[in-house]
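Biologist: Could you walk me through this model and tell me what stands behind the labels you use?

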Amino acid sequence: MKEKTTGGIRKSRRIITSPLGIITICVLLSVCGGSVRQKYPERNLKSTTDTLIAQAATDEEKLERLFLYVRDEIAFNWVYPQDIPPEDVLKNGFGVCMQKASLLSAMARQAGFQTRFRFTYVRKQALEDFLPAYAYKNWSDPFPHTVVEILYQGRWRSFDPSFDS
């Protein structure tokens, strides 16, 4: 394989296609500042939640505001390590399904609701238009997915804030 050198940095034309290689790149990006720099360091879970629900007249409106905020204002994007606190997801401004579900759960609890997580498996075809071809080819099928359930009017209701509108 031919490599180019630019400014002392070797540039390879090799595309990393293995899941381990993809995860390694993501971890390196995280360690080197990929997810360490917080886009919104001033955000606070309590004040953000309180502001979102302040004008809500009903519990349904509170849940709608919280759900839409996490779904649409917190971008779906890869963050490693994945086990970060909800407040960091809020400050980063992005996360994957588990991180966005964790944030919605924390905000709903802050607003007085009971929450829990539901784990499920999804066929990789759900990500066909989302993932690059090399990642899609090597993606596990089915793959684990996380949603949050919120107790509302005596029933557990599922909320999946993963993908932005």
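What follows is a chat about those labels, term by term.

Modeller: Ground rules before we start: this is a predicted model, with local features needing pLDDT of at least 70 and side-chain atom pairs counting only at pLDDT 80 or more, while totals for chains, interfaces and linings use all residues. Residues are numbered from 1 along each chain as its sequence is written, and side-chain values use heavy atoms, with hydrogens and water left out.

Biologist: How do you know that the length of helix α5 agrees with its residue count?

Modeller: Helices here are DSSP runs of H or I with at least four residues, strands are runs of E with at least two, and both are numbered from the N terminus. The expected span of a helix is 1.5 Å times one less than its number of residues. For the 14 residues of α5 (residues 97–110) that should give 20 Å, and the end C-alpha atoms are 20 Å apart, so the two agree.

Biologist: What makes α5 "mostly covered"?

Modeller: Buried means under 20% relative accessible area, exposed means over 50%, and partly exposed is in between, with a 1.4 Å probe and protein chains only. Eleven of the 14 residues of α5 are buried, among them Cys-97, Leu-103, Leu-104 and Met-107. Met-98 also sits in α5, but its 35% relative accessibility makes it partly exposed. Just after the helix, Gly-112 has a positive phi of about 100°.

Biologist: Why is the contact between Asp-59 and Lys-62 called a salt bridge?

Modeller: The term needs a side-chain nitrogen of Lys or Arg within 4 Å of a carboxyl oxygen of Asp or Glu. Asp-59 and Lys-62 come to 3.8 Å, N to O, and that makes the pair a salt bridge. They are three residues apart in helix α3 (residues 59–73), which means about one helical turn separates them. Asp-59 is partly exposed, at 39% relative accessible area.

Biologist: What makes Arg-65 and Glu-61 a salt bridge?

Modeller: Their N to O distance is 2.7 Å, and that meets the cut-off. These two are four residues apart in α3, so again about one helical turn lies between them. Arg-65 is partly exposed at 28%, and Glu-61 is partly exposed at 24%.

Biologist: How many salt bridges does the structure hold?

Modeller: Seven. One of them joins Arg-123 and Asp-141, with the closest N and O atoms 2.7 Å apart. That pair links distant parts of the chain, 18 residues apart: Arg-123 is in the loop between β5 (115–122) and α6 (133–138), and Asp-141 is in the loop between α6 and β6 (143–152). Asp-141 has a relative accessible area of 31%, so it counts as partly exposed. There is also a network of salt bridges linking Arg-116, Arg-118 and Glu-149.

Biologist: How do you know that β5 and β6 are paired strands?

Modeller: Two strands pair if DSSP finds at least two bridges between them. β5 and β6 have eight, in the antiparallel sense.

Biologist: What makes β5 and β7 edge strands?

Modeller: The open sheet has three strands in the order β5-β6-β7. β5 and β7 (155–159) each pair on one side only, and that puts them at the edges. The twist averages 35° from one strand to the next.

Biologist: Why is β6 called largely enclosed?

Modeller: Eight of its ten residues are buried, so the rest of the structure largely encloses β6. It forms a hairpin with β7, with two residues between the strands, and Gln-153 in the turn has a positive phi of about 55°.

Biologist: Which residues make the nonpolar surface patch?

Modeller: Met-98, Phe-117 and Phe-119, over about 300 Å². Patch residues need over 30% relative accessible area and no salt bridge; like charges are joined within 9 Å, and nonpolar side chains (Val, Leu, Ile, Met, Phe, Trp, Tyr) within 5 Å. Met-98 has 35% relative accessibility, so it clears the over 30% cut-off.

Technical notes: Accessible areas come from the Shrake-Rupley method with a 1.4 Å probe; for residues, only the protein chains shown count as cover. Axes are lines fitted to C-alpha atoms, for helices over the stretch in contact, and angles run from 0 to 180 degrees between N-to-C directions.
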